[in-house]
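Please look over the structure below. A short briefing on it comes after.

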Amino acid sequence: MTIQNVGDAAKALEPKGFEALVREHHRRLLSYALALTRRPEVAEDLAQEALLIAHRDLAKFDAARDFGAWVRGIIRMKYLEWTRSHRLERMSEGQIEQLDAQHREWDRAAEEGRGDALAALRLCREELGVHITETLDEFYVRRRSCADIATRLGTNELVIRKRLQRARDVLGDCLKKRLGELHGA
Amino acid sequence: MERDDLAIDGLLRELARAPEGDDHAFVARVLAGTQKPTLPRAPILAAAAILLAMGIFLALTPAAPTVRIVAARPSCVTDAAAMRLLMKDPATNNLLMLDEVPVGAAVRVPAGSEIVFQAVGADGMALWTSPRATKIAGPPAPVAARSVEFARDVKPILDQHCSGCHAEADLVRGTVHPFEARRSPLVTQTHAPLSGAERHQLALWVDLGAAGRP
C-alpha cells in the first residue's frame, strides 16, 4: 500500500493502518538495512528503531511521499549514527544514493503492479545452476567467508568472489526482466 | 559493488535471514514497541546497572520483547572463551540453557525471564556463574531454552560406563559440586572412557546445578 492522499495518511495514524504498513514494507526495509550493514542483528535493530520512529512521527509524514522511502531515510540516518558510534567505515554517499535509486525503482515496479522484488528474486534464484546456488548458499545462508568457501569447494578465494559477483549480475538481469524494467517502466 | 549489486546483495541477505517469507517475529517486535505503556524504565536501568557492575553490557532493543545482550567477559574472569546464557525455569527454578556464544557476541534473550550468566573456559566448563539472576523487564517473549536432566541426559551415560561397577547413588554422592563442573570428580576424575560429548554433557549438567540427582 502506498499512502497517496491525506485520507490514507489519517488511516495510517490508526494502529491497524500502521500495522498494515509494517507488514507490507518490513522485508524490503530489512533488505535495505542489510545492504548497508551486512549484519542481520544490526539490520534488524536499525529497521526496528526506524519503524518505531516512523510510528512516533507519523503525524509529520508527508502523505505525498512513499512510506517505504520515508522509513529508508530514517534507516539511513540510523546507519550513519551506527557507523559513527562504532567508528566503522561507512558506505560512500554515492553508493547509498545508488542503493536508494534501485529501491525507488523497485517501489515503482510494486506500485505499477509489475511485481515484488523479493518474490521475483526468489524465482530468479531457482533458475541458477548448481554451482552458483551452492556458492550463494554457503555465503548468504551459512554465512561463510569467501576463504572458507574456497577451502570447502577446493578452489581459491578469487574464484568464489567472481562467482558471487556473476551470480548477482545474473540475478540483477533476471530481476529486471521479471519486473519489466527493460520495457520502459 | 555496483548499483544493482549492492541492492541485490541486500535482497539475498534478507532471503537468507527469513527464508520462509514474512518475518512475523520482527513485525511483532515492532508492534509491541508501539504499544503503551512501553517497557518500564526503572527495572531495565536497575538490571543494566547490575550487569554493568559485572562487566556485562546491555544493548537494549527499544520496547521489544527480546533484549540484545553483548556477552562481554565479566571483569573478574580473564580467561573466558565463551559466555553461557541461562534462564531460571519459573516452574522448577532449575537453570535452562538459552545459548552459548563467543565473548563479545551479541545475542538476544527473552524479556520477562530471569537470566543467569556463566563464563565458560576453553574446556567447556564454567569458570564463573553470576551470583544472582537478572530479570529483564518487558512483555513476555517466547523462550527457546533446553533443560539438561539427570534421567534423560546423564543417567544413560552412567549406565553405559559406570553402573557395572558402581552404585548410581555412590557415583554422584560427594563427586558432584553443583554449578562447578571443574571441581566435580564425576567430571574431572572419572576413569571411564567417556567421549568428549559425554564428558561435556556431564559437565553441562553439573554447571547448570545438577538438578534431579539421586
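Predicted model: local features only at pLDDT ≥ 70, side-chain atom pairs only at ≥ 80, totals over all residues.

Residues are numbered from 1 along each chain as its sequence is written, with chains lettered from A and ligands numbered from 1 in the order in which they are written.

**Chain contact**
- 38 residues of chain A are in contact with 30 residues of chain B (C-beta atoms, placed from the backbone, within 7 Å).
- On the chain B side, helix 1 (3-17) and helix 2 (24-34) each give two or more residues (helices are DSSP runs of H or I, at least four residues, numbered from the N terminus).
- Helix 1 of chain B gives the most, with 15 residues.

**Helix 4 of chain A**
- Helix 4 (residues 67-85) of chain A has 19 residues and should span 27 Å at 1.5 Å a residue (1.5 Å times one less than the number of residues).
- Its end C-alpha atoms are 27 Å apart, which agrees.
- A:R87 follows helix 4 of chain A, and its phi is positive, near 55 degrees.

**Helix 3 against helix 4, chain A**
- Helix 3 (residues 40-56) of chain A packs on helix 4 of chain A at about 125 degrees, with axes 9 Å apart (axes are lines fitted to C-alpha atoms over the stretch in contact; angles run from 0 to 180 degrees between N-to-C directions).

Definitions and conventions. Contact = placed C-beta atoms within 7 Å.
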